[in-house]
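These are my notebook entries on a structure that I looked up residue by residue.

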Amino acid sequence: MRFLLMTAAVAAIGLGGVAYADDHSTPPPASAFDLSYWKITLPDDQNSDNKPDEISVAKLKSYQHPDFFYLDDQGRMVFTAPNKAITTANSSNTRSELRQMLRGSNTKIGTHDPGNNFAVEARKGSDKFASVGGRLDATLRVDHVALNAGEPTAKAAYSVVVGQIHAVKYKSTKSGFGYGNEPIKIYYKKYPGHESGRVFWNYERNLAKDDPDRNDLSVPVFGGNWNDTEDPGDAGIKLGEEFSYTINVHRNTMYVTFQNERLGTVTQSRSLVRGADEKDNPYAYGGDSLYFKAGAYNQCSTKSGGGNWYAACAGTGDWDIDKANGDYAQVSFSRLVLSDSNPPQQASK
């Protein structure tokens with residue numbers, strides 16, 4: 001069954017008795033955003049199970065976290081992720097991030113089942129998926145990126161991912177798919193002392209984790225990409241400056257549109273069934289199960305080791321201290337909408 005979600009304001013929901021929702025005086029994000037097809041992962045472990053807290057679709061309707069997930073006084077949905085906190089098993093980076101759940105609240109469908117994910121049209125059995133393709137529209141501002149990196153030349157330093165498509169990791173990758181990679185991760189990166197930051201997106205070659213060619217290809221949007229180190233100035237996006245993105249996977253192609261009132265509109269596209277270059281999987285993500293994510297995925301890991309990812313960012317694990325020191329990322333969304341894909345020339349309804 002295909003789906004179509006449109007924005008709609010809903011009445012505020014009382015928070016009494018909801019686990020972890022400490023502040024009952026303000027409405028939850030679901031009072032202003034349609035979160036019917038999302039769950040969230042948070043950089044907290046209130047139930048002491050040594051895993052990041054996950055709030056289900058059903059519970060998210062009335063949930064907020066006073067530090068990491070809430071509405072601000074302008075009605076924006078705020079996501080905050082400190083540098084040092086509990087992380088998911090396969091990552092050293094913290095996140096306050098939504099994960100698309102096409103099953104809605106029907107937990108009879110497994111998280112990794114076709115009924116909870118989307119695929120490109122060319123994928124074998126694509127008609128068994130909840131959707132062929134899909135679209136995510138967001139308008140947001142980045143309020144803060146982590147300030148203190150022990151290894152500042154690591155490309156992920158001073159950055160946050162604000163939207164992505166992720167592939168499901170398969171138990172067997174004999175088909176050449178199921179590595180759990182990302183065909184798009186939308187970044188904002190700003191060096192300390194710079195006037196503005198860069199907006200760009202990365203495409204990860206869809207290869208096995210131990211393949212030396214499994215690298216990100218970085219695509220500039222506003223102000224350059226993660227290979228640039230100079231202040232982009234007026235060509236970049238300032239902290240607190242709003243911009244929008246659309247990821248529209250239609251049939252077998254990913255169409256990406258970015259818009260900023262000052263800098264205009266940038267449109268780009270990439271096939272998801274044909275390798276991005278000679279080193280990529282020749283069929284790109286054509287055999288994968290896919291889902292959208294949105295929020296604040298803090299890229300300033302406290303792990304050391306250099307390279308692209310390990311920036312040895314500062315952090316104590318005490319939120320009050322880390323917030324005061326600027327060791328966190330924060331993103332505020334004024335719009336977040338899931339919908340069916342559409343041909344790129346077709347105007348959004």
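I looked up Tyr158 and Tyr191 and found both buried, where buried means under 20% relative accessible area, exposed means over 50%, and partly exposed lies in between (1.4 Å probe, protein chains only). I note that this is a predicted model, in which local features need pLDDT of at least 70 and side-chain atom pairs count only at pLDDT 80 or more, while totals for chains, interfaces and linings use all residues. Residues are numbered from 1 along each chain as its sequence is written, and side-chain values use heavy atoms, with hydrogens and water left out.

I paired rings of Phe, Tyr and Trp (its six-membered ring) if their centres lie within 6.5 Å, calling planes under 30 degrees apart stacked, over 60 edge-to-face and the rest tilted. By this rule I count eleven aromatic pairs. Tyr63 and Phe69 are both buried. For Tyr158 and Tyr191 the centres are 5.4 Å apart and the planes stand at 55 degrees, so this pair is tilted. Tyr158 belongs to the loop between strand E8 (134-144) and strand E9 (159-167), and Tyr191 to the loop between strand E10 (184-189) and strand E11 (198-204), so the pair ties together parts that are 33 residues apart in sequence. Helices (H or I, at least four residues) and strands (E, at least two) are DSSP runs numbered from the N terminus. I also recorded a cluster in which ring pairs link Tyr63, Phe69, Phe79 and Phe333.

My criterion was NZ of Lys or CZ of Arg within 6 Å of the ring centre and within 35 degrees of the ring normal. The charged end of Arg270 sits over the ring of Tyr203, 5.0 Å from the centre. Lys303 lies over the face of Tyr310, and its distance from the ring centre is 4.5 Å.

Which residues have a positive phi although they are not glycines? I found Asn50, with a phi of about 65 degrees, and Tyr158, with about 60 degrees. Asn50 is in the loop between strand E1 (38-41) and strand E2 (54-55) and is exposed, at a relative accessible area of 68%. Tyr158, by contrast, is buried at 6%.

I found eight of the eight residues of E13 (residues 243-250) buried, so the strand is largely enclosed by the rest of the structure. In a regular strand the side chains alternate between the two faces of the sheet. Phe243, Tyr245, Ile247 and Val249 point one way from E13, while Ser244, Thr246, Asn248 and His250 point the other way.

I took two strands as paired if DSSP finds at least two bridges between them. E13 pairs with E8 in the antiparallel sense over seven bridges, and Asn248 in E13 is the bridge partner of Arg135. E13 is also joined to E14 by seven bridges, again antiparallel, with Phe258 in E14 as the partner of Tyr245. The hairpin of E13 and E14 has two residues between the strands, and Arg251 there takes a positive phi near 60 degrees.

I then followed E14 (residues 253-260) to E15 (residues 264-271), which pair in the antiparallel sense over eight bridges. Gln259 stands opposite Thr265 in E15. E14 and E15 form a hairpin with three residues between them.

I placed Asn202 in strand E11, buried with a relative accessible area of 0%. Taking contact as heavy atoms within 4.5 Å, and not counting residues up to four places away in sequence, I found that Asn202 touches residues including Tyr187, Asp216 and Trp226.

I count two helices and 17 strands. The radius of gyration is 19 Å, close to the 20 Å that the globule rule gives for 349 residues, so the protein is as compact as a globular protein of that length; the radius is taken over C-alpha atoms, and the rule is 2.2 Å times the number of residues to the power 0.38. The C-alpha atoms fill a box of roughly 50 × 45 × 40 Å along the principal axes. Of the 349 residues, 55% count as buried.
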